[in-house]
Amino acid sequence: MALHVHLLACAFGLGSWVAINGLWVELPLIVNELPEGWNLPSYLTVIIQMANLGPLLVTLMHKLYPGRLKESAVIYSILSIGVLACFLLAFFWKETTVMAGTEHSTAFLVITFFLSLVDCTSSVTFLPFMMQLPAKYITTYFIGEGLSGFVPGLVALGQGVGISKCVNITQTSSSNMTEARVATPPPHDSLYTIQTEYLPPNFSTEVFFFFLAAMTAISLVAFTLLNRMPRTFELSTENLVPETVASVSSGLDNPSVQGSPKAHGGKGEETGQSRPLLAKPGYTVSQLAFIYFLVVWVNGLTNGLLPSVQTYSCMPYGNIAYHLSAALSSMANPMACVIAMFLPKRSLVFLGLLSLVGTGFGAYNMGMAALSPCPLLQGSAAGEALIVLSWVFFAGTLSYVKVMVGVILRDESHSALVWCGAAVQVGSMVGALTMFPLVNVYRLFQSGDVCSTKCPL
């Protein structure tokens, strides 16, 4: 029975962010097909921020009408929307319309908004539902949530990005027809240029979207079984909250675990004595200000600034470099969470230095994007390896910081954690809204083609 519930909890957590994580790792194939091209990631960052309307509405409903909103109904709705949206994406992601004289991938952007709405809303509905179960299943849920980033990255690596090659394209001036150049010399009235030709990957983008639909459907089935399971657990509702705190914190070197037996005692003096054991020593105002600054800064970099220009940072090195950067950095996030669980470091000095290191990797990525389409070491194996490693370490180091800062604020107080969530949204929104006009209006970043772009030696 316990193993069965653990598997269901893990499968349920898998659907939390699998759709959006899947879109990010599939971008190396999508940007070559859609009219937005290299600007597409900047659109996605803004769309994801707009989708935070879902969590806002759920929060307002809880505040204005306590007990009226059924979380199970919301979860059924958003997971069903997620499955449907992934299926529609597989059929309509290439469809475009002309708006204001410019071609846009309207269907892809609209469906992406609904997928973002699903994943963002899961943040305020999935975990509250899991809190109804014994604490031992919460950890399994978080493992599934981590897999929602790891599994799409792994599948994307298996998909490959397709081999690109440079071909000569001959265009005859007497007609608008363009054909591949043959062995015979071209006529005098024709011109030929070198362009990039992409061979198909191991399986198509449509198949990948069907995979995302299947993962979301598995999460929906798992939730249905969990929701219909009789609540015949050992723990009572009264003991659930204290044991949850102890269980989740135990893997993060929380000293409050040592006092957990007292928390399970009766009311009165023992309850009063247990409260100080469930909180870390208070931080000063300046320390809290520094912690919240880290939250805003790190989330601004990872959720807004850098993702908007990942194409400009990686594509000049080739599609394979972009593919590996997107897939491996997506996998680095859950790996950093696992490392934070077994090797926690709460020192603010250490977290500040690690943030500085991650910012350094981000600065290198941003610098290469600014130099696009001719970044440093372009065309060399060293350049490709550096950009891939830089993105992986950027995602990994700052993910570790985000986890540990969240742990610190969670142990500080409930209100501190609420303000942490607000700081995450502020940082993410500022980063996304800052980069969108720079990329799409002022066009500070230039796209190019690996084969046709001539860069100075």
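1. A disulfide is taken here as a pair of cysteine sulfur atoms within 2.5 Å, and a search of the whole structure, which is a predicted model, finds one. Cys 374 is joined to Cys 455 with an S to S distance of 1.9 Å, and the angle of -80° about the S-S bond makes this link left-handed. Cys 374 lies in the loop between H16 and H17, whereas Cys 455 lies in the segment after helix H18 (414-440), so the pair ties together parts that are 81 residues apart in sequence.

2. On the conventions, local features need pLDDT of at least 70 and side-chain atom pairs count only at pLDDT 80 or more, while totals for chains, interfaces and linings use all residues. Residues are numbered from 1 along each chain as its sequence is written, and side-chain values use heavy atoms, with hydrogens and water left out.

3. For accessibility, buried means under 20% relative accessible area, exposed over 50% and partly exposed in between, with a 1.4 Å probe and protein chains only. Cys 374 is partly exposed at 25%, and Cys 455 is partly exposed at 24%; Cys 420, by contrast, is buried at 10%.

4. Helices (H or I, at least four residues) and strands (E, at least two) are DSSP runs, numbered from the N terminus. Helix H16 covers residues 348-370, and its end C-alpha atoms are 32 Å apart, which agrees with the 33 Å that its 23 residues should span at 1.5 Å a residue; the expected span is 1.5 Å times one less than the number of residues.

5. Which residues of H16 are buried? Among them are Leu 348, Leu 351, Gly 352, Leu 354, Ser 355, Gly 358, Thr 359 and Gly 362. An α-helix has 3.6 residues a turn, so residues three or four places apart point the same way. The buried residues of H16 pack against helix H13 (285-305), helix H14 (310-314) and helix H17 (381-412), where contact means heavy atoms within 4.5 Å.

6. The structure holds 19 aromatic pairs, for which rings of Phe, Tyr and Trp (its six-membered ring) must have centres within 6.5 Å, with planes under 30 degrees apart counted as stacked, over 60 as edge-to-face and the rest as tilted. Phe 113 and Phe 114 form an edge-to-face pair, 5.7 Å centre to centre with 75° between the planes. The rings of Tyr 141 and Phe 142, with centres 5.6 Å apart and planes at 65°, are also edge-to-face, and here Tyr 141 is buried at 1% while Phe 142 is partly exposed at 33%.
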